[in-house]
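Here's a quick walk through a protein chain, from its overall make-up down to a few side-chain links. Have the viewer open while you read.

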Amino acid sequence: MTHAQKLRHGTARFLFCMILVTVWEAVSGQIRYSIPEEMQKGSSVGNIAKDLGLDVEQLSDRAVRILSRGRTQYFAFNFKSGHLYVTERIDREEICGGMEMCLLNCEVIVEDKMKLFPVEVEITDINDNAPSFRSEEFDLKISETTAPGSRFSVRQAEDPDMGLNSIQSYQLSSNTHFLLDVETRSDGVKYAEVVLEKSLDREEQAVHNLILTATDGGDPVRSGTTQIRVIVLDSNDNAPVFSQPVYKVSVWENVPEGSTVVTVKATDLDEGVNKEVKYSFQKITDKASKKLQLNSNTGDVTIVRNLDFEEAALYEIEVQAHDGGGLFDRSKIVIVVSDVNDNAPELTITSLLNSVPEDSPPGTVIALLNVQDLDSGENGKVTCSVASNLPFQLRKSLDNYYSLVTDRALDREQVAAYNITVTATDNGTPPLSTATTIPLQILDTNDNGPLFDKTSYTAYITENNPRGASVFSLKANDPDEGENARVTYSVTKDQIQEAPLSSSISINSETGALYALRSFDYEQFREIRFQVQAQDGGSPPLSSNVSVTLFLLDQNDNSPHILHPSFPTDGSTGVELAPRSSEPGYLVTKVVAVDADSGQNAWLSYQLLKATEPGLFSVGLHSGEIRTARYFLDKDALKQSLVVLVKDNGQPPLSATATVTVVVADSIPEILSDLSSLSAPVDPQSSLTLYLVIAVASVSCLFFTFLIVLVALRLRRWRNSQLFDSSSVTFSGVPVSQFVGLDGVRAFLHSYSREVSPTTDSRKSQFNFPKSNYANTVTSQQTCDIKDPILVTEELNISNGDQISVQVS
């Protein structure tokens, strides 16, 4: 047959198979399809939805289900197209072996209608197996005295395919001594024998190598070969003879391994080597070769692996006995496996309702169950039952299918849930049973709302808490069941100091745990008030509210803040004045500090940390007042620098320091002579401060020059010694604490002047120095109008009266 003819023949066979697939028939309400084996996964078997009259648009993956009998699910349902398609590789030989008709059964379950439809799929054979011999070569021993025309049996090929796809012919390679004779048995099996055509001569050729080819009738044609090695022997005129043509034995499937099930026996009338008989399996299936073993010397057939009636109920084996001269005889062994009740029923829940309302009417279907037993006969007959005290019963809906339905009205207040035990028992001896428990929940209505164990909750949180930390937990209980008892939590009020509460507090909707989303500051606010709502999952849902107050606890996270002396912002520094004549206990100034914390974290104490003259000043522990501790001495420096430590009472304590500069002086010249020592610390990064210091020094020099000139003029003009004496004016009225800024000596001097009176001459100005001044700082109202301080034309009058008048022209 040419390649084109084979292609046309194969196409015709494929079309024929496809036609068989599309044709289905209903026998006693059963749907049947026919498909070839080895179809690809996903191939369509038939439009099951159309055949059952189902609407494809209303189907879903849960509306229709396919259940196959057996351990492998070969088919599945495509709910989009309505087709039944192949899900596993289908090998006809593996599933049905040598059976002429190979059927796969499954059931179609329509969930919403609670109906079942049996489906049969016939698996047709294709030529997917080539003929094969049990060995690639074997020896055939023939005596040289064998007469022409003698027949010799050779090993037969095996092909698990059926019909034309099985072995159709044998061929023998070309030779001068042998022919091949092929006969057909009554069962249609081809049987090949080698016929001696020409006498053998061992001295001429001791070994003949022949090739035996077995060919099937499939499309394409497949074949298998084996090599026959003919060994020419000396004469042997008696062949072994079996005691029985057929050895038939029946065994139970649970016979133990190693048991001898049958012993074959053959005798040979020859002597010596020609009488020694060896036994071997001539034709045996793969399954049988894995279960049975033949002793070549004794002929004992033993079991090497447990038999299984459900796997194979019958084994047919061809056994051969050959002597040392190459003669042989054949017999047949038939082993019938008897079933024992070794398989318990298999109970499968194909459809199930886990819960039903308590007002469900009697007859409500709870579950569909399928029961199977792999045993046969009475061992495979199964009955199902449930306990009689339960409000349920089983109804047989189809072969091997049961429906579990309610028998009477249900009452959740009496029983909230059932564990229904379904027992399947076979009729074997002893009977085997299988039980499965079906849990059933009786649904309740949502008639109870969540309840908190308190009417309000109070919690305390320390400030500076870590973000995301759990600060409190709430719990509400709902006596209902299922979703009706599932409580979720939420915060209802969403404002905290005009800011969304969601930015500060969150709640776990499932557990009721409250979490801080940010770190709280006690100094910002002291408490957080809001409401939490607990709501169940019923329909309609029920809820309850509870008030929650979170109080913040203070931590010592703020250092003391110095209010006085304040750190200057204009580049100047503060100086406190103290007269040399001050007595011990004299109040020089007071350090004022505050702490943003509360409680003991805000209790402040003062301590003199460093002083130019230790023991000269003291600081009040709680008042912060700086007082003189003794009289001033001549050796005491004019400028005294004090460092005061302010510390709170927290754990650990926080502190701050304040530096106070005290100038000891009784007169203005004495003060001015040391102005350079009162300059503020120079900022190395600021050139402006340097310029101000230079300006102050220059003005001081000019002022001293101005005073000397004035004194000289008065001495020369009046020759009055009183004027010289009055030049040593003391400022007893100067207050004990006076602030002098680095922004100019003029501001310091103007602090002693109540007013500035300009004269009629535009080039003159008059300075008035009051005896007492109660201002601590130079106010913005104090001014100085000196147009030309270098020209001096008038008098300087200084007296001990209420004011000192200086005229400058």
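Predicted model: local features only at pLDDT ≥ 70, side-chain atom pairs only at ≥ 80, totals over all residues.

## The chain at a glance

Residues are numbered from 1 along each chain as its sequence is written, and side-chain values use heavy atoms, with hydrogens and water left out.

The chain has 56 strands and eight helices, taken as DSSP runs numbered from the N terminus (helices are H or I, at least four residues; strands are E, at least two). Out of 809 residues, 40% count as buried, where buried means under 20% relative accessible area, exposed means over 50%, and partly exposed is in between (1.4 Å probe, protein chains only). Look at contacts (heavy atoms within 4.5 Å) between residues at least 6 apart in sequence, and 66% of them join residues at least 24 apart.

## A nonpolar patch

Leu563, Val592 and Val594 make a nonpolar surface patch of about 200 Å². Patches are built from residues with over 30% relative accessible area and no salt bridge, joining like charges within 9 Å and nonpolar side chains (Val, Leu, Ile, Met, Phe, Trp, Tyr) within 5 Å. Leu563 sits in strand β44, residues 561-564, and is partly exposed at 42% relative accessible area.

## Salt bridges

Count a salt bridge whenever a side-chain nitrogen of Lys or Arg is within 4 Å of a carboxyl oxygen of Asp or Glu, and you get 18 of them. One pairs Asp139 with Arg229, with the closest N and O atoms 3.8 Å apart. That pair links distant parts of the chain: Asp139 is in strand β9 (residues 137-143) and Arg229 is in strand β15 (residues 223-233), 90 residues apart. Asp139 is partly exposed at 43% relative accessible area, and Arg229 is also partly exposed, at 33%.

Arg486 is partly exposed at 36%, and Glu510 is partly exposed at 48%. Elsewhere, salt bridges that share partners tie Glu38, Arg89, Asp91 and Glu94 into one network.

## The disulfide

How many disulfides does a search of the whole structure find? It finds one, going by cysteine sulfur atoms within 2.5 Å of each other. The pair is Cys96 and Cys102, with sulfur atoms 1.9 Å apart. The link is right-handed, with 65 degrees about the S-S bond, and both Cys96 and Cys102 are buried.

Methods: Areas by Shrake-Rupley, 256 points an atom, 1.4 Å probe, with all protein chains shown as cover.
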